[in-house]
Amino acid sequence: MITPESNGRTIELRSDQELLVRLPGNPAMGYRWSLAAAPAAVLKLEGCRRSSAIQSGGPVVEIWRFTTAHTGRQVLVFDYRLPWETEAPPARQLSFTVTVR
């Protein structure tokens, strides 16, 4: 599982593994994670789910799930931004390099 602490790192996977990216968020503030650099032929996005906050309006965790499609290298870039501010720089950006063997 990848978390923000893995930012900038290279993650190695076997061709039969899946990748989970766990990103904290606070939708009450309007911010959401988006996949800025989408996977190419190496990874396939299977979906994203958001955990329920214990308190209404509290923090949540977004879990992005990828499966491997081919061997190779792929860079995943996630932006944390207000969805309507598409021209503004993201409040936070995370990048991970994934190598599938």
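**View 1. Strands β4 and β5 side by side.** β4 and β5 run antiparallel to each other and share 7 bridges; strands here are DSSP runs of E with at least two residues, numbered from the N terminus, and two of them pair if DSSP finds at least two bridges between them. Across this pairing, Arg49 faces Ile63 of β5. A note before moving on: this is a predicted model, in which local features need pLDDT of at least 70 and side-chain atom pairs count only at pLDDT 80 or more, while totals for chains, interfaces and linings use all residues. Residues are numbered from 1 along each chain as its sequence is written, and side-chain values use heavy atoms, leaving out hydrogens and water.

**View 2. The open sheet β2-β5-β4.** Its 3 strands follow that order with antiparallel pairing. Because β2 and β4 (43-50) stand at the edges with a single partner strand each, one side of each has no neighbour in the sheet.

**View 3. The stacked pair Tyr31 and Tyr80.** Rings of Phe, Tyr and Trp (its six-membered ring) pair if their centres lie within 6.5 Å, with planes under 30 degrees apart counted as stacked, over 60 as edge-to-face and the rest as tilted. That rule gives 5 aromatic pairs. One of them joins Tyr31 and Tyr80, 5.3 Å centre to centre with 25° between the planes. Tyr31 sits in the loop between β2 (18-25) and β3 (32-37) and Tyr80 in strand β6 (residues 72-81), so the pair ties together parts 49 residues apart in sequence.

**View 4. The aromatic cluster.** Trp64, Phe66, Phe78 and Phe96 make up one aromatic cluster. Phe66 and Phe78 are both buried (under 20% relative accessible area, 1.4 Å probe, protein chains only; exposed is over 50%, partly exposed in between).

Conventions: Helices (H or I, at least four residues) and strands (E, at least two) are DSSP runs, numbered from the N terminus.
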